[in-house]
Amino acid sequence: MLERGRGGLSIDGLAVEELARRFGTPLYVYSAAAVTERLEALRSAFAAQAPLICYALKANSNRAIISLLAGRGAGADVVSGGELLRARAAGVPADRIVFSGVGKTGEELALGLKQGILAFNVESSEELEALEALARSSRQRAPVMIRLNPGVDAGTHPHVATALPASKFGVAAPQALRLLERAAASRWLRARGIQCHIGSQITDPRPYERAARAVARTMAALARRGIVLELVDLGGGFGVRYEKERELPLRRLASSFCALMPAGPRLILEPGRWLVADAGLLLARVLYRKSAGGRRLVIVDAAMNDLARPALYGARHPILPARPRRGPERRTDIVGPICESVDFLARARRLGPVERGDILAVLKAGAYGFSMSSQYNSRPRAAEVLVEGGRARLIRRRETLKDIVSPER
Ligand SMILES: Cc1ncc(COP(=O)(O)O)c(C=O)c1O
C-alpha cells in the first residue's frame, strides 16, 4: 500500500509524484490490492455467518472498483436506477443486488423488477403499495425487505445518523411488522426479509447490537404469526480510522450478530466506506502560499468540489507531502480555489515546508470522495486511476470544460 521511502511517497510501488505528473492533478488514485484485502478481511471476520456482502456503491461507484469487488463474489447495495445500471454493467448478478432508498421513483421500481434483483428495501407503506401495483400490472412478484428504523443513536455525525426516531429512513417496529404481514399476504409481493442501516462511520458496536435486538424481536413476532423470513440485512456503516478514531471491532460485531440473530435467514451486509476508504488518495498540487491572521495558507488545486467531506462533516483526512522537505512544521490551512470560506481540505494542520508545484496526498479518500464530487464553480471533475499489479490504469478520464457545458441548451 502506502510507503514513505527515499523516492518519496508511493502507492503499491508507484511514486505518487510520477502519477501526478503522468495523469495531472487533482487526481484520485486507488489501490486494487487494498480494496480486495479489505473484502477478504471482512469475510474472515464474519466467516461463521458467510454473509452476502452487498457493496454500497455510493461510497465509490467507479465501474472498475465495482467489478473488482463483483469479481470476488460481492453483490451491491444501490440507491438509484443509475447505481443499479452501474452495478449490472460492472458484472454484479441481479440476484445479488438490494435496492435501498426512501424515494425510489416508479421508473426505478420498474427497473429493479425487470432486472430481477434480490430485494427492494422498502421504506414506507406507500412505497410498498406502489411496488405491489407495479408488480400486479407487470404480472411479476416483487421481492421485499422492509427497512426497520430501530430508533437507536449510532453516536456518529448527525449528518450520517439514519436511525434516530425522527429520521426519514425506514419505518418503526410496529409498522415494519404490519408491512411484512401485508407483503406475506399479497399475491404480488414476496416477503423476503428485514433490513436495517443505522448510519455511517460508526465505531461503537453497541448501537448495532441494539439494532440487531430490535430486528430479532420483529422476526420473532413474525414467526409467531407463521411468517418465516429468508434474509436479514444489517446494513453497513462500519467506521474506519481516519485519524484518531477507533476502527469498529468487526469480530466482536460478528459474534454479537451470531448470538442475537435467529439461525436460518441469510445475513446480508452493506458496507461501503469500510471497503474502499483506505484504498484511495487524492493528489493535489500546491498553487500558492500566503499567510492570514498569523496562519500559513497553502492553496492547492483540489477543492471541496473534489472532496466534500472536510467541508460537509468537518472530516479530518491525514495529508502528507509526496516528497517531504527539511524544515520545521507550521500550523497550516490547506485550502482550495473555490469561492467559499468552507472550502478547505485541512485546517490548523501541522505541515513542513512546501513550495509551489509540490504534490500533497490526501489519504483515506477512497470513500465518498469522487462519488460526492461536483462541478461547482464550473470545475471539471478529477481523473481516477487504479493501481493494480504494479501498473496504473486510468479508470475515468479528467472532465473537460466541454463536458461541463455540453448538456446546456
Ligand atoms: C442503506 C445504506 N446501506 C449502506 C450504506 C453504506 O454505508 P457505509 O459506507 O458507511 O458503510 C449506506 C450509506 O449511506 C446506506 O444508506
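This is a predicted model: local features need pLDDT of at least 70, side-chain atom pairs count only at pLDDT 80 or more; totals for chains, interfaces and linings use all residues.
Let's begin with the ligand. The space that the ligand takes up is the largest pocket. Around the ligand stand 16 residues, and the closest are Ser200, Gly237, Glu270, Arg273 and Tyr368.

Which atoms of Tyr368, Gly237 and Lys58 face the oxygen atoms of the ligand? For Tyr368, an N or O atom of the side chain is 2.5 Å from a ligand oxygen. Gly237 takes part through its backbone instead, with an N or O atom 2.8 Å from an oxygen atom of the ligand. Lys58 uses its side chain, where an N or O atom is 3.3 Å from a ligand oxygen. With a cut-off of 3.5 Å for a pair of N or O atoms, each of these distances counts as a polar contact. How much of the ligand does the protein cover? On its own the ligand has 390 Å² of accessible area, and the protein covers 91% of that.

Now look beyond the ligand to the aromatic rings. Across the whole structure, a search finds 7 aromatic pairs. One of them joins Phe46 and Phe238: the ring centres are 6.4 Å apart and the planes meet at 15 degrees, so this pair is stacked. The two partners come from distant parts of the chain, 192 residues apart. Phe46 belongs to the loop between helix 2 (32-45) and strand 5 (52-56), while Phe238 belongs to the loop between strand 11 (231-233) and helix 9 (250-260).

Finally, two spots in the backbone deserve a visit. Where does the chain turn to a cis peptide bond? Follow it from Thr25 to Pro26, where the bond is cis and omega is near -10 degrees. You will find Pro26 in the loop between helix 1 (16-23) and strand 4 (27-31). The other spot is Asp12, a residue other than glycine with a positive phi, near 45 degrees. Asp12 also sits in a loop, the one between strand 2 (8-11) and strand 3 (14-15).

How values were computed: Residues are numbered from 1 along each chain as its sequence is written. Side-chain values use heavy atoms; hydrogens and water are left out. A residue is near a molecule or strand if one of its heavy atoms lies within 4 Å of it. A polar contact is a pair of N or O atoms within 3.5 Å; within protein, one must be able to donate a hydrogen and the other to accept it, and residues adjacent in sequence count only if both atoms are side-chain atoms. Accessible areas come from the Shrake-Rupley method with a 1.4 Å probe; for residues, only the protein chains shown count as cover. On a 1 Å grid over the protein atoms alone, a cavity is a set of points where a 1.4 Å probe fits but cannot get out, and a pocket is an open set with protein on both sides within 12 Å along at least five of seven lines; lining residues have an atom within 4 Å of a point. A molecule sits in a cavity or pocket if more than half of its atoms lie within 2 Å of its grid points. Rings of Phe, Tyr and Trp (its six-membered ring) pair if their centres lie within 6.5 Å; planes under 30 degrees apart count as stacked, over 60 as edge-to-face and the rest as tilted. Helices (H or I, at least four residues) and strands (E, at least two) are DSSP runs, numbered from the N terminus.
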